[in-house]
Amino acid sequence: PAGLANAFVAGVIDGETTLVRGYGALDHGAARAPDGDTLFEIGSISKVFTGLLLADAVQRGAAALDDPVQKLLPEGVTVPKWEETPVLLWHLATHTSGLPRLPDMKGSDPQDPYAHFTPERLGAVLARLRVRREPGAEYEYSNLGAGLLGHALAVHQGLPDYDALLRERIAGPLQMADTHVVLDPARAARQAPPHDADGEPAHTWQLAALAGAGGIRSTVHDLLRFLRVQISPEGPLGDAVRLSQQKRHEGARGLAMALGWHFARDGRTLWHNGQTGGYHGYLAVAPATRRAVCILANTARGEFDLLGERLLQRLHGMVVEPQSFEVPVAVERAQLARCAGRYRAGLGAALGAVLTVELRERGLFAQIVGQPALRLYPRSPTEFFYRAVVASITFEFDGERPKALVLHQDGRDTRFERSGGGER
């Protein structure tokens, strides 16, 4: 769709039929269109690969789902416990470890926020952490947990890093020649340049020791090979694929997890999305009906998830309305300035989290501590939506300035009270 992205590639599987189409242009003012061999950062889709690497290790006897993570790590690296209950490997693969969403991000570069997470820094971060709830009890998405899982699996199997493990156990056997964490010069030349949600040039990301959470680069052609194996689990990874697709946790609101995969509400479709500073990806597969969708874009906008869902619905014969994309309204800069400030979460899972709203040249940006600042787009003078993620914010005014805001995301409404500080 015009205006949604600089460039993206969509691939679908419908039974024995495969179709790949590229849209847009890779560079401003150039006619170079993307195709199935264009490389993109796939972000958190990497977590599906990390879940399969765990399943593969289990099938080969190199690990067990109920192994404590501590067992896989070298001496001197300590994983915190919940009282005397350790975090197990399957907890990391299902976001039920009780570890926070992000590690301590102090010292990170906003343009490349994970690049400084060496194994040594990861060990130091773990030493200062606490597990926030009993492992296995409740879902709470954790990039830290998935990154730790990928790192632990590589270390335990005597490999230098996650990239080497990925190549040896998945990309090599499945002939996914363009799926890497680190690209050689020839492949780097085929990587689509990154763009933020406004289509402005952005920065590529390196996830270092946390690569298992979101560090993979791939192509639509490679990911369709991966999806074919999800539909027909055969060959050397067949048993591991079947294990990785089994439901491991079901929590509130019907949210269910396999190893790395999320289950859709229909209980049959497996999916994951991914986003870095300049890319967005979406992957979904319905093994029972032999249908799958893959979208990779070089623009960091969450609407691609909705586009992918509709594509899969169309493959299943459903009548789907064309997707519309919200257009922001004009709001005076003085009104935007009133919204700027620091807001602190009250009760609930986000207790104590700080969300800073800042007025910049291009408009309002919202940033939760440890995460990138994302632009807000006005729906009205008091309600704003994101493009980078599927979420919105409503400001609650008391006179001239807001007294609070409510973040609407993932079916939850989280209230943040204004905590002082002036306009920024």
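User: In this predicted model, which residue of strand 18 is the bridge partner of Val406?

Analyst: The partner of Val406 in strand 18 is Arg415, and this pair belongs to the antiparallel arrangement of strand 17 (residues 401-409) and strand 18, which extends over six bridges.

User: Which other strand is joined to strand 18?

Analyst: Strand 11 (residues 341-345) is joined to strand 18 (residues 412-418) by three bridges, and the two run antiparallel; Tyr343 stands opposite Arg418 there. These strands take part in a barrel that eight strands close in the order 11-12-13-14-15-16-17-18, with antiparallel pairing. The twist from one strand to the next averages 30 degrees.

User: What is the geometry of the ring pair formed by Phe8 and Tyr23?

Analyst: Rings pair if their centres lie within 6.5 Å, and by this rule the model has eight aromatic pairs. Phe8 and Tyr23 are one of these, with 5.0 Å from centre to centre and 25 degrees between the planes; since planes under 30 degrees apart count as stacked, the pair is called stacked. It links distant parts of the chain, as Phe8 is in strand 1 (residues 7-14) and Tyr23 is in strand 2 (residues 17-24), 15 residues apart. Ring pairs also bring Phe304 into a cluster with Phe8 and Tyr23.

User: Why is Phe8 called buried, and why is Tyr23 called partly exposed?

Analyst: The relative accessibility of Phe8 is 6%, which is under the 20% limit, so Phe8 counts as buried. Tyr23 has 39%, a value between the 20% and 50% limits, and therefore Tyr23 counts as partly exposed.

User: Why is the pair of Phe384 and Phe395 called edge-to-face?

Analyst: The ring centres of Phe384 and Phe395 are 5.6 Å apart and their planes stand at 90 degrees; because angles over 60 degrees count as edge-to-face, the name applies. Phe384 lies in strand 15 and Phe395 in strand 16 (residues 391-398), eleven residues apart, so that this pair too links distant parts of the chain. Both residues count as buried, Phe384 at 0% relative accessibility and Phe395 at 3%.

User: Which residues touch the most other members of the largest nonpolar core?

Analyst: In this core of 82 residues they are Phe49, Val69, Ile170, Phe226, Leu227 and Trp261. Leaving aside neighbours within four places in sequence, Ile170 is in contact with Phe49, Leu52, Leu53, Leu165, Met176, Phe226 and Leu237. A second, separate core has 20 residues, including Cys339, Leu364, Leu376 and Phe384.

User: Why does the length of helix 8 agree with expectation?

Analyst: Helix 8 (residues 220-231) has twelve residues, which at 1.5 Å a residue should span 16 Å, and because its end C-alpha atoms are 16 Å apart, the two values agree. Nine of the twelve residues are buried, and the helix is mostly covered; among the buried ones are Val220, Leu223, Phe226, Leu227 and Ile231.

User: What does helix 10 reach from its first C-alpha to its last?

Analyst: Helix 10 (residues 303-315), with 13 residues, reaches 19 Å, close to the 18 Å expected. Its buried residues include Phe304, Leu307, Leu312 and Leu315, and the buried residues of this helix pack against strand 1, strand 8 (270-275), strand 9 (280-286) and strand 10 (291-297). Gly317, just after the helix, takes a positive phi of about 85 degrees.

User: Why is His95 classed as buried, and why is Ala208 classed as partly exposed?

Analyst: His95 has a relative accessible area of 4%, under the 20% limit, and therefore counts as buried, whereas the 39% of Ala208 falls between 20% and 50%, so Ala208 is partly exposed. His95, although not a glycine, has a positive phi of about 60 degrees and lies in the loop between helix 2 (89-93) and helix 3 (119-128). Ala208 has a positive phi near 50 degrees and is found in the loop between helix 6 (185-188) and helix 7 (211-214).

Conventions: Residues numbered from 1 in each chain as written. Predicted model: local features only at pLDDT ≥ 70, side-chain atom pairs only at ≥ 80, totals over all residues. Heavy atoms only, no water. Helix = DSSP H or I, 4+ residues; strand = E, 2+ residues; numbered from the N terminus. Expected span 1.5 Å × (residues − 1). Buried < 20%, exposed > 50% of the residue type's maximum accessible area, 1.4 Å probe, protein only. Pairing = 2+ DSSP bridges. Axes fitted to C-alpha atoms, helices over the stretch in contact; angles between N-to-C directions. Core = buried A, V, L, I, M, F, W, Y, C linked by side-chain atoms within 4.5 Å. Contact = heavy atoms within 4.5 Å. Phe/Tyr/Trp six-rings, centres within 6.5 Å; stacked < 30°, edge-to-face > 60°.
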